[in-house]
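Hi,

Here is the model I promised to pass on.

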Amino acid sequence: MDNPKCIVCGNIQNLKFELKHKVYQCASCNLYSSDADFDLTFQSSLEEDSREIGLKKLRLHNFGLIIKALKEKYFKGKQTIKGLEIGCGNGWWLEVCRDNSIDCKGIEPERTFEEYYKQNKLNVTMGFYPNPATDLAEGYDFIIFNDVFEHIPDLNSLLLSIKKDLKKDGLLIINIPMSNGFFYRAATALYYLKIKSFLDRLWQFNFHSPHINYFNPKNLPTYLSNYGFKLRENFRLETLDFSSIKERIMADSKISKAKAYTLSSFLTVLKPVIKNSSADIRVFFFRQ
Ligand SMILES: [Zn+2]
């Protein structure tokens, strides 16, 4: 395969990491892109139970920060706020919206949570976006991606659809991991010490839908500006809930229990360093 072209600036990207898949980096904007594919069979190595304990508290905290921005800043005083979440996964964001009187629909190709959506009366269309079933004549007030944007191979056609489905002054919200964060940099350092497993894990190369791109706080807004989206703000979200870190690491069946224990102890010691480093996850708000 030829080296890929950077989707942000059009340069040819250079081979950077040889992991389970190859990772290329743009010398100009630092965008990292992999040659991984989206596996449509959805065979996952993730243990959902363990994942849930570890992640839920953290996710709800982060979602609370996004809801606050929506209600107190972008849609202050607005009676009905209509949103669409692309890739709604476990449905947590949709539930948080409902608790906050925000009318958010979801669309999701993976069937794992289909029963859960029904039982909890969540408004979810099964399938891939764009899908006629999610069209809204007057357009959405916001479209949100929670840990999904980095998994999407064809961002160009995705963004063209979003432009149509958003209101003229609608908000595009992207909650996404960052390549300048503590964990990515630490995993990069380990890679050069011949320990590749951490980078493989961050890119989710052992899961059915690995990351395709790894953006940073500069190249993501530059990329979106090509489609007429202007950055309004971005802020840090938390990556680790130190009280449940062990369960979260244990969710990865590739890591032994002993290793997971050592790793979680190590991370707890590093807590102050991590908290003071560049954020591993940020949320970006764009106006179209
Ligand atoms: Zn570039």
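**The zinc site**

The four donor atoms around the zinc ion subtend angles of 101 to 119 degrees, which makes the arrangement tetrahedral (four donors count as tetrahedral if all angles lie between 85 and 135 degrees). Before I go on, some ground rules: this is a predicted model, where local features need pLDDT of at least 70 and side-chain atom pairs count only at pLDDT 80 or more, while totals for chains, interfaces and linings use all residues. Residues are numbered from 1 along each chain as its sequence is written, and side-chain values use heavy atoms, with hydrogens and water left out.

Back to the metal. Its protein donors are the SG atoms of Cys6, Cys9, Cys26 and Cys29, at 2.1 to 2.3 Å from the zinc ion. A donor here is an N, O or S atom within 2.8 Å of the metal (3.2 Å for Na, K and Ca); water is not among the atoms, so sites may look incomplete. Along the sequence the donor residues follow the spacing C-x2-C-x16-C-x2-C. Cys6 sits in the segment before strand 1 (14–18) and Cys26 in the loop between strand 2 (22–25) and strand 3 (32–34), so this pair ties together parts that are 20 residues apart in sequence. Helices (H or I, at least four residues) and strands (E, at least two) are DSSP runs, numbered from the N terminus. Cys6 is buried at 3% relative accessible area, and Cys26 is buried too, at 0%. For the record, buried means under 20% relative accessible area, exposed over 50%, and partly exposed in between (1.4 Å probe, protein chains only).

Two strands pair if DSSP finds at least two bridges between them. Strands 1 and 2 have four bridges and form a hairpin with three residues between them; strands 2 and 3 are joined by three. Val23 in strand 2 stands opposite Phe17, and also opposite Ser34 in strand 3.

The hairpin of strand 2 and strand 3 has six residues between the strands, and among them Asn30 takes a positive phi near 70 degrees. Asn30 is partly exposed, at 34% relative accessible area. Lys194 also has a positive phi, about 70 degrees, although it is not a glycine. You'll find Lys194 in the loop between helix 5 (182–192) and helix 6 (197–202), where it counts as exposed at 73%. There is a cis peptide bond between Tyr129 and Pro130, with omega about -5 degrees; Pro130 is in the loop between strand 6 (124–126) and strand 7 (140–146).

**Helix 9**

Which residues of helix 9 are buried? They are Ala260, Leu263, Ser264 and Leu267. Seen down the axis of helix 9, they fall within an arc of 100 degrees, so they line one face of the helix (the arc is that of the directions from the helix axis to the C-beta atoms). Ala258, Thr262, Phe266 and Val269 are exposed on the other side.

Cheers

Note on methods: Four donors count as tetrahedral if all angles lie between 85 and 135 degrees; four count as square planar and six as octahedral if opposite donors are over 155 degrees apart and all others between 65 and 115; anything else is irregular.
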